[in-house]
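Work through the exercises below with the sequence and the 3D view at hand. Try each task before you read its solution.

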Amino acid sequence: MTQYLLLLPEITLFVLGVITFCYGFIRRESKHLWIFGLLTFAVSLAVAVVCFNHREFSAEAVKISEYKQLMRVFIFTIGLLVLVLSYEDLKKNVNKAAEYFFLLIISLFGMNIMIVANDLLILYLSLETFSLALYTLAGFYQKERVSVEAGLKYFILGTLSSVLLLACIAFLYGITGSTSYEILRSMKVEDFSFSLGVLFLVASFAFKLSLVPFHAWAPDVYQGAPTSVTAFFSTAPKVAVFSALINIFLSFSLQTKPEGLIIILSSLSMFLGNLLALRQTNLKRMLAYSSIAHSGYMFMAFLLSDNLIVLSLIPYLIVYVFMNIGIFAVIISIKEETLNKYYGLGKYNPIVALCLIIILFSFTGIPPTAGFVVKLNLFKNVFSAGYSELVFFALLMSILSAFYYLRVVFYLYKDAPINFKYNKNNITLALALLCCIFLLLVGVLPDLILFFFFKLW
Amino acid sequence: MLGVKLILLLPLIGAILVWMIRKRFLVNLVAISLSLFSFLIALFYYLNLDRTKREFQFIFSYRWISAWNLDFSVGFDHINAPFVLLTTLITTVAVVLSAKTIKEKLSSYMALLLLLSFFVNTFFMSTNFLQFFFFYEAMLIPSVLLIQRWGGRNAYEASLKFLLYTFGFSLFLFIAIIAVYFYGGGFRFDSLSQLSLTAQSKMLLFISFLLAFFVKIPIVPLHGWLREAYYEAPMPMTIFMSSVLSKMGVYGTLRIAPYFSDTVSLVSNWIIALCVFSFIYSAFVALTAKNTKIMFSYMSLSHIGMITAGVFTGNILGYQGTLLQSINHGLLSAGFFYIAELLQRQTQSFDSEKFGGLSKRVPALTFFTFALIMAMAGFPGLNYFNGELLLLSGIFKENIYLGFFSVFGVALGVLYLAWFFYRVFLRKPAAEMSYYVKDVSSWEFLILLLFFLISIYLGLNPDFVLLGLKNIISFGGKV
């Protein structure tokens, strides 16, 4: 029975999700569906918080440690925030709300399982579970060409990633006869099939993290998908995949780390992501490239040894999620994504402009915002591990990023086109403000985020 | 230690208050009174500073980042105290000037200006490298927004350039600080003395520090942002930039130089040569400028070059000269920009060719301008003389040829100022714009008088800034 208790939050989520779907399916136009959706997430979040336990549990295929529970809580929080973000999108498409909720819930379910998985097969199943839901979400606006195109592109490239993961599992199973994470520790570098397996594994995950050269899907999908879905894309899957990758890397012994591969992937992503973002005119597309670059920064953390990975990656991930949710909240609240529509926003909607400024400065990594703190934390650790050239390169690239982020800040105070109407939306605006407050608070008091993990280890 | 905190907190509280109050009169009242209070408190602590001690005094510290064993701590010592005093004084002047000249969105403007003052003060008073870097960068946000939103026609390009230059080169500071943490075992300033590095790596570290500071100061090959940023910024911001923000870099070099005395002695000639080149080059550019604001920008750039050279002479004379002259330069360049602003406000023109014959129309303004020019030219008894003497003797002691070139630069400095004075105040017949210029009003008179009195006071009593410095700083045995 205790095994099931471990997964209580996920089970709650799933059961409530099915109930929500059935209710929404039967009563299409109902406004109560919203309450059902919110309740689903809130209750599972509450269960996850209540179940928070400082001990380590291990069942066969599932292992739960302290930071995994934290990530689980975090994933639920993201789900809740995205649900709030999608309120505006769904008002237009009320009759599809049931499907939307269900897909969101199923994908979160998959991500949670992915975080706690301790077996490659479970990992694969959970990856497929949330990927399938995400493909559908990307093409959620069936009547819009770009949305369908985005979904299709994501689907085709995503399948490739799944196949790679399967190949990796096959190789590892072939050598050891087991799919558990535990066997990874006994591996040796000389084994060619093992190296090949790790290569496939990293490649497969690099797809989901949109690392260069596996990034081709990201810009189109980010631009084509509904904005709230893009917000979801840029945050939750990254958290889940990074956590799963952390679990796998923690089970590696130090010598078997694919060092060169990590350096190449991360530096390429930083370089191309930042370079291609420079000339974008669509904010969502620009954010796609920026997320490629940020994945590159975060991927550097895997060069570190055991607990340092968690200490430097997870704070970055949390701050990154809040920055993304914040900026997509801004985009949704004024309903414009092309950059020239942001001219003069500072005059007509000063609060939104203020939020956007704080978030963009945080993306750039200028204090006193949270972006600086986590960047410093990550870079400091990577530097101490002896990769000073890589840190130098990353810093150079983050200067490049200053140009395209802060360009937007300057647009806010240019002269606005005449007869231009800005939308106002209080719910998403409140969300954006919340993210800003979080970013400033963490920026001023870094202990909130750093010490928390420091204590954990 | 409530008081030291107040120096920082008053501008911060002011920024928040001003942002919430939207009434023009109240905004002015709050901003002026709080910045003035902050100045008075800084002065009080300055006078109570124990000049025989080497370490930080009046420390206020608060556990900041436990994960890195780091405190947020502010304190005074013999190097940063004059800079804090200068910052609070110039903030007050800039706020008073802004209250009169900024027409639109005053409350957000004042909030940003006070926030900037808070960041810069905390930067100067910080006692560890991380805090130092944190506020070194944080100050970019308000200053860039100030230039961009209240600046002139090309403010967009100017602020972007300023931002990219400073942020870009701060990457060297970032790397340097991480290296200090890694090799010196902590973020404290004295970690620099425990570096376990080879001479070559130490040189690299030193150069990366310098690259960051030299952009902020700036020194000539890295001064690309200066002309536009100074010209396009609103005048109070220009004053703040030239007299306080440029000192951030100087303060940084002053802070690290004693720890690198062996490294400095290897490269001092080259760096001094660069600084002196910056001094002379900008003086020539200032000589060609007809626009008063541009001329004063280049004047500021020119003099700051020689001031920076003093740090690298590796002897106490140059070091003292840099500290003293930074304060003097801050006062005088603020004064000059103030005069340019006075002329521009009444005529909408910075073009010195359009003035002339002002000396009879506006005697008080003529007097103060001439006094400032005399001070800047190094007239004994006024403040600039002492610092220049120290700097020149420091440079001469290090290298006699470079000393000769610096004297040449000083002469050039007199030349363009005299020319400016002739064109605007003496030349006859007067051009049309002169008829619109009125003499200084009462509050302007007070500010100019304040500059003049401080100039005389520091001229007669340079020990006010330097007291006790000689006994404390050492450069690896060299005096």
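Predicted model: local features only at pLDDT ≥ 70, side-chain atom pairs only at ≥ 80, totals over all residues.

**Exercise 1.** Find how many salt bridges the whole structure holds over all chains.

Solution. Start with the rule: a salt bridge needs a side-chain nitrogen of Lys or Arg within 4 Å of a carboxyl oxygen of Asp or Glu. Residues are numbered from 1 along each chain as its sequence is written, chains are lettered from A and ligands numbered from 1 in the order in which they are written, and side-chain values use heavy atoms, with hydrogens and water left out.

**Exercise 2.** Describe the salt bridge between A:Lys153 and A:Glu149.

Solution. Step one: take the distance. The closest N and O atoms are 3.1 Å apart. Helices here are DSSP runs of H or I with at least four residues, and strands are runs of E with at least two, numbered from the N terminus. Residues three or four places apart point the same way, because an α-helix has 3.6 residues a turn. Step three: look for partners. A:Lys153 and A:Glu149 belong to a salt-bridge network that also includes A:Arg145, A:Asp220 and A:Arg285.

**Exercise 3.** Work out which parts of chain B the pair B:Lys290 and B:Glu353 ties together.

Solution. First, the contact: their side chains meet in a salt bridge at 3.6 Å, N to O. Next, the places. B:Lys290 sits in the loop between α11 (261–288) and α12 (292–311), and B:Glu353 in the loop between α13 (316–347) and α14 (358–361), so the pair ties together parts 63 residues apart in sequence.

**Exercise 4.** Is A:Glu336 buried or exposed?

Solution. Recall the cut-offs: buried is under 20% relative accessible area, exposed over 50%, partly exposed in between (1.4 Å probe, protein chains only). A:Glu336 has 18%, so A:Glu336 counts as buried. Its salt-bridge partner is A:Lys341, with the closest N and O atoms 3.9 Å apart. A:Lys341 has 29%, so A:Lys341 is partly exposed.

**Exercise 5.** Check the length of helix α2 (residues 24–47) of chain B.

Solution. The expected span is 1.5 Å times one less than the number of residues. Among the buried residues of α2(B) are B:Leu34, B:Phe39 and B:Ile41.
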